[in-house]
Amino acid sequence: MMNFTYRPLPKGLTIRQSSVDGIGLHATTSWEPALMLGKTHYFYDESWERTPLGGFINHSEDPNCVIINSGPERFLVTVRPISQGEELTIYYTLDQK
């Protein structure tokens with residue numbers, strides 16, 4: 001029998017105090033660029049719903065991640081190498097599509 005446990009965040013991520021604002025996502029391991037970390041949002045019942053992964057991403061003028069739209073879902077993807085302990089950030093936009 002397989003044992004499945006719900007994980008609100010992918011392995012290798014944790015929530016800690018942020019130097020940007022409040023709390024944020026931090027890597028507990030190092031990652032290469034172009035790694036898809038997981039789903040941040042999904043479209044349900046005519047609105048965008050945020051997942052735990054999408055709830056703690058802070059803004060940066062020099063982000064290390066992007067959110068990629070894929071139909072009714074959005075995914076967090078690294079855009080450069082990320083070091084252990086580094087906070088994950090995106091460049092916020094007002095795109096509500």
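**Exercise 1.** Determine whether E46 is buried or exposed, and state where E46 is found.

*Solution.* Step 1: E46 has a relative accessible area of 74%. Step 2: the classes are buried (under 20% relative accessible area), exposed (over 50%) and partly exposed in between, with a 1.4 Å probe and protein chains only. Step 3: E46 is therefore exposed. Step 4: E46 lies in the loop between strand 3 and strand 4, where strands are DSSP runs of E with at least two residues, numbered from the N terminus.

The structure is a predicted model, in which local features need pLDDT of at least 70, side-chain atom pairs count only at pLDDT 80 or more, and totals for chains, interfaces and linings use all residues. Residues are numbered from 1 along each chain as its sequence is written, and side-chain values use heavy atoms, with hydrogens and water left out.

**Exercise 2.** Describe the phi values of D45 and E46.

*Solution.* Step 1: most residues other than glycine have a negative phi. Step 2: phi of D45 is positive, near 50°, and that of E46 is positive, about 70°.

**Exercise 3.** Characterise the surroundings of H41.

*Solution.* Step 1: H41 belongs to strand 3 (residues 36–44). Step 2: with 16% relative accessibility, H41 counts as buried. Step 3: beyond its neighbours within four places in sequence, H41 is in contact (heavy atoms within 4.5 Å) with residues including W48, I67 and R74. Step 4: the side chains of H41 and T40 are joined by a polar contact of 2.8 Å. Such a contact is a pair of N or O atoms within 3.5 Å; within protein, one must be able to donate a hydrogen and the other to accept it, and residues adjacent in sequence count only if both atoms are side-chain atoms.

**Exercise 4.** Identify the residues of the largest nonpolar core that touch the most other members.

*Solution.* Step 1: a nonpolar core is a set of buried Ala, Val, Leu, Ile, Met, Phe, Trp, Tyr and Cys residues joined through side-chain atoms within 4.5 Å. Step 2: the largest such core has 13 residues. Step 3: L25, W31, L76 and L88 touch the most other members. Step 4: not counting residues up to four places away in sequence, L25 touches, among others, L53, F56, I57 and L76.

Conventions: Helix = DSSP H or I, 4+ residues; strand = E, 2+ residues; numbered from the N terminus.
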